[in-house]
Amino acid sequence: MASRQSMLPEICWNLLWFFGVAACVKLLLIPSYHSTDFEVHRHWLALTRSLPLSQWYSNETSPWTLDYPPFFAYFEYFLSFFASLVDPQIVDIHEGLNYKADTVVYFQRISVIVSDLCLVYGIYRLTRKLETQKRVVMWILVIWSPALVIVDHMHFQYNGFLLGMLMLSISCLQDGRDLMGGFLFAVLLCFKHLFAVAGPVYFVYLLRHYCRGGLFKGLGRLATMGAVVVAVFAAAFGPFFYHGQIQQVISRMFPFGRGLCHAYWAPNFWVFYIILDKGLAFLLKKFGIDIPTPAASFTGGLVGDSSPFAVLPQVTPLSTFIMVLLALSPCLVKIWKNPHPGSVARWISYAYTCGFLFGWHVHEKASLHFVIPLAIVAVQSLEDAQHYFLLSIATCYSLFPLLYEAQEYPIKVVLLLLHSMLMWFGFSAKYSKVKPPTISDNKKTRKKGSSSSSRSGEEGEFMIGWGGKCYIIGIVMVETWGQLLHPYFLGDKLPFAPLLLISIYCGVEVVYSWVWQLKRIMAD
């Protein structure tokens with residue numbers, strides 16, 4: 001115990017060094033491209049600072065209306081105090097519209113970097129008891145994630161501290177602190193409701209693991225957990241309920257009229273569904289069958305209020321919800337039968353993969369929800385590491401279209417290449433001298449009731465097979481076509497085709513990952 005306590009300061013300093021290196025890179029990227037999300041969050045600073053709480057979710061001064069849950073609005077309100085000290089125009093709801101001065105750029109960029117300390121603490125909690133190699137590899141996968149840099153520190157969002165909260169919740173569940181884990185997840189949902197996809201996993205796990213121990217004890221714990229969750233939601237939504245704004249808040253949070261797909265299609269199941277519909281319509285027309293063409297078109301990259309399918313059945317938000325639940329159901333059955341804390345990260349990652357694959361109006365940025373938690377799983381076994389390596393590359397590459405300006409192109413390429421090399425060296429060092437499991441190890445595994453954490457002793461070394469190598473070569477070919485061959489041969493024709501090709505190609509890996517994760521869950 002004493003030796004472990006003496007190591008804690010060293011672990012903290014090493015982790016802060018990782019964070020410091022990442023922060024330096026992020027500071028250098030401050031002048032880089034940022035999306036409309038930058039103005040969205042600046043407006044939210046002004047909105048929460050300038051208006052009373054009762055008008056936060058009804059004000060339409062800007063088209064970028066507040067559509068996150070109340071805790072995130074409170075977070076923006078907290079940041080607005082500091083923003084007003086830096087430059088009062090940042091938080092002026094009228095004069096601040098589309099304000100692009102250096103003060104607002106530096107303030108918002110640095111606010112994201114500082115908020116990443118929540119992610120650092122979450123990773124510390126998860127890795128403080130791990131062996132050194134596993135700990136360092138996980139730090140590389142998360143703290144130096146190129147996907148997080150692209151989405152949060154260039155495109156601009158606040159995913160880092162939200163994922164840090166998720167990591168803290170997972171850490172608590174793994175440590176047996178179920179009540180705190182449930183509390184943190186409830187808080188997370190009141191920051192960003194898109195994390196609710198893992199709600200069924202939390203519900204079944206906590207019901208089976210926390211609420212066990214007999215009828216009266218179980219009911220008492222269920223009531224305690226329910227009271228904690230209700231208290232969190234009451235703190236978040238209570239003030240808006242008091243002002244009669246709760247319906248307005250809900251309508252802003254769930255704008256189902258945005259359509260099935262985002263303007264740039266996320267690499268998920270619906271890409272293949274749309275392509276199949278277009279292909280069937282084309283073939284039927286070739287055979288002389290008249291197929292009415294919908295007014296809206298996915299290939300234009302636009303978002304509509306409907307699902308403009310010519311042949312296949314129309315898709316509704318309810319149908320996507322049912323598909324996500326159906327995809328989740330085998331995992332939920334597994335949790336019910338054996339609610340083992342060591343598998344929590346794997347289950348939660350799988351839930352977010354299901355949401356990404358079958359959800360309604362999924363953004364490509366949502367891949368962070370399953371890729372970052374999967375880093376916890378990636379250090380558990382050689383197979384998990386090999387799976388994570390390809391998935392991480394594919395999902396990061398799928399984010400490339402977010403940064404479409406020429407000056408950012410070498411940055412995103414270098415970030416992905418460097419991180420891929422670091423992953424390779426990290427996994428290779430971890431699995432270069434692997435010992436096969438002994439009979440005593442197998443007995444211990446059976447007693448623990450979980451095989452996911454014990455497979456780190458399997459025989460072999462880190463490498464990817466011919467299939468993985470071919471897939472990586474395919475990424476190079478897709479990028480070469482989009483950047484060089486398409487402009488040369490087609491010019492301005494079919495401008496959306498390179499984006500579509502990226503979505504389809506990366507979608508193949510995401511679908512494969514979904515199947516692979518499900519098989520692994522059912523095998524454990």
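Visitor: Where does the charged end of Lys430 sit?

Guide: Over the ring of Tyr431, 4.6 Å from its centre. Keep in mind that this is a predicted model.

Visitor: And Arg221, what does it lie over?

Guide: The face of Tyr210. Arg221 is 5.0 Å from the centre of that ring.

Visitor: Switching to ring against ring. How many aromatic pairs are there in the whole structure?

Guide: A search of the whole structure turns up 44. One of them joins Trp270 and Tyr273. Their centres are 5.4 Å apart, with 85° between the planes. Over 60 degrees counts as edge-to-face, and this pair is edge-to-face.

Visitor: Where do Trp270 and Tyr273 lie?

Guide: Both are in helix α13, residues 269-286. They are three residues apart, about one turn of the helix.

Visitor: Trp270, buried or exposed?

Guide: Buried, because its relative accessibility is 2% and the cut-off for buried is under 20%. Tyr273 has 15% relative accessibility, so Tyr273 counts as buried too.

Visitor: What about Phe389 and Phe462? What do they form?

Guide: Another edge-to-face aromatic pair. Here it is 5.7 Å centre to centre and 80° between the planes.

Visitor: Which parts does that pair tie together?

Guide: Phe389 lies in helix α17, residues 382-398. Phe462 is in the loop between α19 (439-448) and α20 (466-490). So the pair ties together parts that are 73 residues apart in sequence.

Visitor: Are those two buried or exposed?

Guide: Phe389 and Phe462 are both buried.

Visitor: New topic, helix α16. How many of its residues are buried?

Guide: Eleven of eleven, across residues 368-378. Among them are His369, Phe370, Pro373 and Ile376.

Visitor: Now helices α4 and α5. How do their axes cross?

Guide: At roughly 15°, and the axes come within 4 Å. α4 covers residues 102-115 and α5 covers residues 117-127. Angles under 35 degrees count as roughly parallel, so α4 and α5 are roughly parallel to each other.

Visitor: Which residues make the contact?

Guide: On α4, Ile113, Val114 and Ser115. On α5, Leu117, Cys118 and Leu119.

Visitor: How do those divide into nonpolar, polar and charged?

Guide: The contact of α4 with α5 has five nonpolar residues, one polar and no charged.

Terms used
Residues are numbered from 1 along each chain as its sequence is written. This is a predicted model: local features need pLDDT of at least 70, side-chain atom pairs count only at pLDDT 80 or more; totals for chains, interfaces and linings use all residues. Side-chain values use heavy atoms; hydrogens and water are left out. Axes are lines fitted to C-alpha atoms, for helices over the stretch in contact, and angles run from 0 to 180 degrees between N-to-C directions. Helices (H or I, at least four residues) and strands (E, at least two) are DSSP runs, numbered from the N terminus. Angles under 35 degrees count as roughly parallel, over 145 as roughly antiparallel, 65 to 115 as roughly perpendicular and the rest as oblique. Contact means heavy atoms within 4.5 Å. Ala, Val, Leu, Ile, Met, Phe, Trp, Tyr, Cys and Pro count as nonpolar, Asp, Glu, Lys and Arg as charged, and the others, Gly among them, as polar. Rings of Phe, Tyr and Trp (its six-membered ring) pair if their centres lie within 6.5 Å; planes under 30 degrees apart count as stacked, over 60 as edge-to-face and the rest as tilted. Buried means under 20% relative accessible area, exposed over 50%, partly exposed in between (1.4 Å probe, protein chains only). A charge sits over a ring if NZ of Lys or CZ of Arg is within 6 Å of the ring centre and within 35 degrees of the ring normal.
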